[in-house]
Amino acid sequence: MSSYKELEIYKLGLELFYQAHSTSLKLPKYEMFELGSQLRRSSDSVSTNIVEGYGRKRYKADFIRFLTYSWSSCLETVFHIEKINALYPNVIDNKDEFINRYNELSAKIYNFIKYVEENWKT
């Protein structure tokens, strides 16, 4: 691969970030800088850490570290979605599908971490 843009986990993470961002803007004004900000930051961190890790792919340990940050941000994002849904049940359209897609991304990132651990040559 010649670019992080070719990674399926990057593409899916970015797509879900756009969805999370627009969802966060539906929150009440007083939550825009609390829960909304947390959701935006954690969802953005998923793809951002893939990009930064890819930039360090020459150093296997760094690449794995940033992929792990991405994976943990994915888990954090699901937590924020669940909190928002509990507090504001009408804000998130198709909450179960949204969470399932993040869980799918989480599994793909985890599997990619395993792949890099076992097969990456520096």
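Is R56 buried, partly exposed or exposed? I looked this up and found R56 partly exposed, at 31% relative accessibility. (Buried means under 20% relative accessible area, exposed over 50%, partly exposed in between, with a 1.4 Å probe and protein chains only.)

I noted that this is a predicted model, where local features need pLDDT of at least 70, side-chain atom pairs count only at pLDDT 80 or more, and totals for chains, interfaces and linings use all residues. Residues are numbered from 1 along each chain as its sequence is written, and side-chain values use heavy atoms, with hydrogens and water left out.

Entry on salt bridges. I took a salt bridge as a side-chain nitrogen of Lys or Arg within 4 Å of a carboxyl oxygen of Asp or Glu. I searched the whole structure and got nine salt bridges. R56 forms one with D62, at 3.9 Å from N to O. D62 counts as buried, at 19% relative accessibility. Shared partners join E52, R56, D62 and R65 into one salt-bridge network.

Entry on aromatic rings. I paired rings of Phe, Tyr and Trp (its six-membered ring) if their centres lie within 6.5 Å; planes under 30 degrees apart count as stacked, over 60 as edge-to-face and the rest as tilted. I got 10 aromatic pairs. The Y54 and F63 pair is edge-to-face, because the planes stand at 85°, with the ring centres 6.4 Å apart. Y54 is buried at 8%, and F63 is buried at 0% relative accessibility. I also found Y54 and F63 in one aromatic cluster, with Y4, Y10, F112, Y115 and W120.
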